[in-house]
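Please read the numbered points alongside the sequence and the model.

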Amino acid sequence: MSQATQSVCSPEQAHEKVTQSQSKPAPPSILVIFGGAGDLTKRLLIPSIYNLQAAGLLPDEFAIIGVARADKDDASFRADLTEEIKSFATTKLDEAVWKKLIDKIYYLRGNFDEAPTFEALKTRLDEIEKKHNTGKSRLFYLATGADYFPKVVDLLGQSDMVKQEEGVWRRVIVEKPFGTDLASAEALNKSLLAVLEENQIYRIDHYLGKETVQNILVFRFANGLFEPLWNNRYVDSVQITVVESVGVENRGNYYDHSGALRDMVPNHLFQLLTMTAMEPPTSFQPDAVRGEKAKVLQAIHPLTEEQVRTQTVRGQYGAGTLRGSEIVEYRKSPKVNPESETETYVAMKLMIDNWRWAGVPFYLRTGKCLPNKNSEIVITFKKAPISLFSGEDVGELQANNLILHIQPDEGISLEFGAKIPGPKVKLSGVEMDFNYRDYFGQSTSTGYETLIYDCMIGDATLFQRADNTELGWKVVDPMLKLWQKEKSDFPNYAAGSNGPAAADELLARDGRAWRPIK
Ligand code: BG6
């Protein structure tokens, strides 16, 4: 993340600032993508590397090697990427920029779990590094299935490709999932750390690539106004919502073994939770930030079996209608077990046992086949202590909500009460709105640009440390265990509805309600 400067500007001036705020190119290096022929590479990695190239953030001394099993060579790999970028580029393709990049992209065919692939990779790296003058720094991106992570890292170690020395860095980017429960996350970290130093491992959570997520810390810690109110004296409750209208689509194979809890909570939702709840770090250095996030996860009150029953809700969608289309039930989706007990929805109430947040419930929910795609964090402030306005008792006064709109309508809004013009004092809820698009234009980022660039410059602030991943699993482990033991009432919500009734009851018991899914 680059440094920020702050002065109030008009939307027009803000547009200017976006163009001027570019950083300098990353240092020379070579990027090796394991899983080079896969979906992630063509949909997100190559388009974001193209965006970095277009923004002048890649050095001239740079190259890419895609490694995969598919039967391709340099020429056919380049031809395929040239075709695919037409669909996946986030801006109009500039042929000159693409030509400059594609001439530096190579392909190596091989199995990720066989030593000869790594011997061949070593030879190719030597050749390509010389040709493009990239020096000896290397970035290995594991865009493979999670089963391969330990093996690939082990073979990288055995073939002596990850040793660092003065002026030469070797880094490994690992995509989620980081395990499937606490025990497997610990085992994965152990196997990575047997070969690599912690400072060589960049665990990606793509939510941290979103501008609105990075902005949570700027909003909280670069403004004097909100932080004094950001605690249990003034905050009534917090809601974190990450819901989607899409269903399982063609990902049944993965999703039916994962479910909504593993897929979204210990990673994306806990990033939003920790950034909302953490203390100000002593600096913006990676370990200062990650240390504060770890403290929040450590302070989450561990749930007993009984609390899992009363404070969490799981759901699975049945057939329904979404925007006029018939949606087939989850259990009838491709590659899903017809008797699946996998949840496609979760809601929970978590309490954070520390001075700042004691007594403030954090309600989290995420799910598929809900009415809209929407991610937001709602901070609900306590109501005014008495009402001075006749006819409006305190119970009827609206609470002030501060809403951080993460996506798709990126922005921040503040809801408060105002007098309706007229001779009588009557109140109405109104809204003050900041919208990213108005100020900074439509984003053309895939969300991976900052993350890849940060890894190339060695800034790990936006990546998860081993303990962060394990602490996240520790919080959800009791839910996984109980749900495995106890039969569900699935399917318990219709596709296109707001989710299971039990999720509404969870908040109703506390005298609260979810903010409607917009
Ligand atoms: C992924 C999950 O990590 O995040 C998907 O595996 C989910 O199931 C996706 O759809 C949501 O990401 P975004 O950026 O679209 O909110």
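1. Setting aside neighbours within four places in sequence, Pro334 makes contact with Glu249 and Gly252, where contact means heavy atoms within 4.5 Å. Pro334 itself is located in the loop between strand E11 (325-327) and E12. Helices (H or I, at least four residues) and strands (E, at least two) are DSSP runs, numbered from the N terminus. The C-alpha atoms of Pro334 and Phe149 are separated by 27 Å, the two residues being 185 apart along the chain.

2. On the basis of the work: this is a predicted model, in which local features need pLDDT of at least 70 and side-chain atom pairs count only at pLDDT 80 or more, while totals for chains, interfaces and linings use all residues. Residues are numbered from 1 along each chain as its sequence is written, and side-chain values use heavy atoms, with hydrogens and water left out.

3. Which residues are around the ligand? They are Lys176, His206, Tyr207, Lys210, Glu244, Arg251, Asp263, Met264, His268, Lys368, Lys373 and Gln407; a residue qualifies if one of its heavy atoms lies within 4 Å of the molecule. By class, this shell comprises 2 nonpolar, 3 polar and 7 charged residues. In that scheme Ala, Val, Leu, Ile, Met, Phe, Trp, Tyr, Cys and Pro are nonpolar, Asp, Glu, Lys and Arg are charged, and the others, Gly among them, are polar. Helix H9 (residues 252-277) gives the most to the shell, with 3 residues.

4. The distance is 2.6 Å for Lys176, 2.7 Å for Gln407 and 2.8 Å for His206. A polar contact is a pair of N or O atoms within 3.5 Å. Taken alone, the ligand exposes 390 Å², of which the protein buries 80%; accessible areas come from the Shrake-Rupley method with a 1.4 Å probe.

5. Lys176 also deserves attention for its backbone. A cis peptide bond joins Lys176 to Pro177, with omega of about 5 degrees, and Pro177 lies in the loop between E5 and helix H7 (182-193). A further cis peptide bond links Phe490 and Pro491, with omega of about -10 degrees. Pro491 belongs to the loop between helix H14 (466-485) and strand E18 (493-494).

6. Val235 stands opposite Phe381 in E14.

7. An open sheet of 6 strands has parallel pairing and the order E3-E2-E1-E4-E5-E6. Strand E3 (105-109) and strand E6 (201-203) are its edges, each pairing on one side only. Strand E4 (residues 138-142) pairs with strand E5 (residues 170-174) in the parallel sense over 5 bridges, and the bridge partner of Arg138 in E5 is Arg170.

8. Finally, Asn133 has a positive phi of about 55 degrees although it is not a glycine. Asn133 is placed in the loop between helix H5 (115-132) and E4.

Technical notes
Polar contact = N/O pair within 3.5 Å; in protein donor to acceptor, adjacent residues only side chain to side chain. Pairing = 2+ DSSP bridges.
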